[in-house]
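Please read the following report alongside the sequence and the model.

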Amino acid sequence: MNKQTIASLIDHTLLLPTAGIRDIVRLCAEAARYRFASVCVNPRYVPIARMELADSGVKVCTVVGFPLGESSSKAKAFEAECAILDGADEIDMVMDIGAALDSRYNNVETDILEVVQACRKTGEKIGKNILVKVILETCFLDDAAVTTASLCALRAGADFVKTSTGFASPKGVDGNLLPNGASVHHVKLMREAVKDKCGVKASGGIRSARAALSLIQAGANRIGTSSGVQIVENWDESIKVSGWD
């Protein structure tokens with residue numbers, strides 16, 4: 001796997017509330033230069049990203065129900081529709097995390113389905129195939145819930161399951177913060193659940209080529225990160241150290 005191959009798996013991400021137009025323009029320029037899979041930006045910046053990336057081959061991804069996942073399904077569907085009409089090619093939605101924790105998986109699945117259907121319908125109207133990724137926020141889920149939620153996304157017609165928003169703040173019984181990003185363990189669980197019928201996106205805290213490599217080896221075929229440039233620039237050395245190609 002060479003630098004261009006890993007670049008083609010990266011969603012170059014900037015979702016901070018402090019991001020401004022110049023930051024988005026810079027993000028898009030980097031994405032075009034390195035030929036990343038997409039840029040992932042907040043919905044208000046979709047039109048700017050679409051304009052900056054015109055004819056570059058880089059997709060525009062945005063988030064829905066972000067970062068809590070607790071908007072109504074209708075609100076998520078409407079948000080997705082608006083984003084697509086603004087120029088989004090890919091939608092990363094946060095599932096109903098509370099429903100999963102309550103084991104209300106019918107609600108989890110119908111929530112995803114409503115967004116998927118909105119994306120398909122809106123995409124058909126404008127002649128675009130819209131990719132839908134479902135964020136599970138795995139740091140809040142046990143292994144059984146990760147597996148079941150992945151299957152809900154698959155049955156609802158999603159194209160990818162995704163680990164994390166990167167914005168969660170899980171705490172242990174002692175009140176101390178717990179890890180909140182992508183892990184090899186969770187990626188393996190998700191890949192085992194969906195097999196080859198669905199993609200797996202690892203996202204959250206991926207800042208090095210070595211971390212990206214371990215997640216790809218575990219089964220991820222998309223990487224969401226704000227460190228895309230660093231990962232690509234250090235890729236060849238990481239491959240050499242790992243002995244993997």
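Buried means under 20% relative accessible area, exposed over 50%, and partly exposed in between, with a 1.4 Å probe and protein chains only. By that scale E30 is partly exposed, with a relative accessible area of 22%, and R26 is partly exposed at 40%. This is a predicted model, in which local features need pLDDT of at least 70 and side-chain atom pairs count only at pLDDT 80 or more, while totals for chains, interfaces and linings use all residues. Residues are numbered from 1 along each chain as its sequence is written, and side-chain values use heavy atoms, with hydrogens and water left out.

A salt bridge here is a side-chain nitrogen of Lys or Arg within 4 Å of a carboxyl oxygen of Asp or Glu, and the whole structure holds 16 of them.

| Salt bridge | Closest N and O atoms |
|---|---|
| E233 and K3 | 3.9 Å |
| R26 and E30 | 3.4 Å |

K133 in strand β5 and E90 in strand β4 (residues 90-94) are 43 residues apart, and both are buried. Through shared partners, salt bridges join D11, E90, D92, K133, K162, K201 and R222 into one network. Helices (H or I, at least four residues) and strands (E, at least two) are DSSP runs, numbered from the N terminus.

T138 lies in the loop between β5 (131-135) and α7 (143-155), and at 0% relative accessibility T138 counts as buried. Leaving aside residues up to four places away in sequence, T138 touches V146, T163, S164, G181, H186 and M190, where contact means heavy atoms within 4.5 Å. H186 and M190 are among the buried residues of helix α8 (residues 184-194).
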